[in-house]
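User: I am new to this structure. Please show it to me, and then I will ask about the terms.

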Amino acid sequence: MFRGGRLFNDPLLVLRTLPNNLDHNRYGFVTSKRLGGAVVRNRVRRRLQEIVRLSRAGQDTAPDLGGRDIVLSAKAAAAVASYQELAASVRRLFAKGGLLAEEAGS
C-alpha cells in the first residue's frame, strides 16, 4: 500500500489507494496517538467508518473501478474537526482519487 499505492491528502486526512484483485473494496482506518487519547482516536475512527458506510450505501463509489484497498489516515487536525468537516474531507479525497461514481465516468 505504501510503496505501490497512490496518495492523496488534505489538511485533515491522507488517502492511500491500491487496486486489489477482488470485486469489492476493502477499507482501513489509521488513527495514531498523535490525535490524542483512546477516546479521541476511537471517535475519529467511528466517524470515518460511518462516513464511508453511508457513502457506500448511496453508491457514491465508482462500481467500474474493480476492487481497491483504501486506507484513510487521520492527521492531528482531524481530532478537533466536526463530522461535517470530516465528511467533506473524505468526499474531496475520494473525488481527487477518482473513487466517486461521477468522477470515474469523466
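**Core, labels and salt bridges**

Analyst: The largest nonpolar core has 22 residues, and those with the most contacts inside it are Leu13, Leu15, Leu48, Leu72, Leu86, Val90 and Phe94. The elements giving two or more residues to this core are β2 (13–19), α1 (38–57), β4 (68–74) and α2 (83–96). Helices (H or I, at least four residues) and strands (E, at least two) are DSSP runs, numbered from the N terminus. This is a predicted model: local features need pLDDT of at least 70, side-chain atom pairs count only at pLDDT 80 or more, and totals for chains, interfaces and linings use all residues. Residues are numbered from 1 along each chain as its sequence is written, and side-chain values use heavy atoms, with hydrogens and water left out.

User: What makes a set of residues a nonpolar core?

Analyst: The members are buried Ala, Val, Leu, Ile, Met, Phe, Trp, Tyr and Cys residues, joined through side-chain atoms within 4.5 Å. Buried means under 20% relative accessible area, exposed over 50%, and partly exposed in between (1.4 Å probe, protein chains only).

User: Why is Glu85 called partly exposed?

Analyst: Its relative accessibility is 44%, so Glu85 counts as partly exposed. Glu85 is found in helix α2.

User: What does Glu85 contact, leaving aside neighbours within four places in sequence?

Analyst: Glu85 is in contact with Leu12 and Val80. Contact means heavy atoms within 4.5 Å. The C-alpha atoms of Glu85 and Leu12 are separated by 8.5 Å, with the two residues 73 apart along the chain.

User: What makes Asp10 and Arg92 a salt bridge?

Analyst: The rule asks for a side-chain nitrogen of Lys or Arg within 4 Å of a carboxyl oxygen of Asp or Glu. The closest N and O atoms of Asp10 and Arg92 are 3.2 Å apart, so the pair qualifies. Asp10 is in the loop between β1 (6–9) and β2, Arg92 is in helix α2, and they are 82 residues apart.

User: Is Asp10 buried or exposed?

Analyst: Asp10 has a relative accessible area of 6%, so this residue is buried. Arg92, at 41%, is partly exposed.

User: How many salt bridges does the rule give?

Analyst: The count comes to 3. Arg26 and Asp69 form one of them, at 2.7 Å from N to O. Arg26 lies in strand β3 (residues 26–30) and Asp69 in strand β4. Arg53 and Glu50 form another, with N and O 2.6 Å apart. Both lie in helix α1, 3 residues apart, about one turn of the helix.
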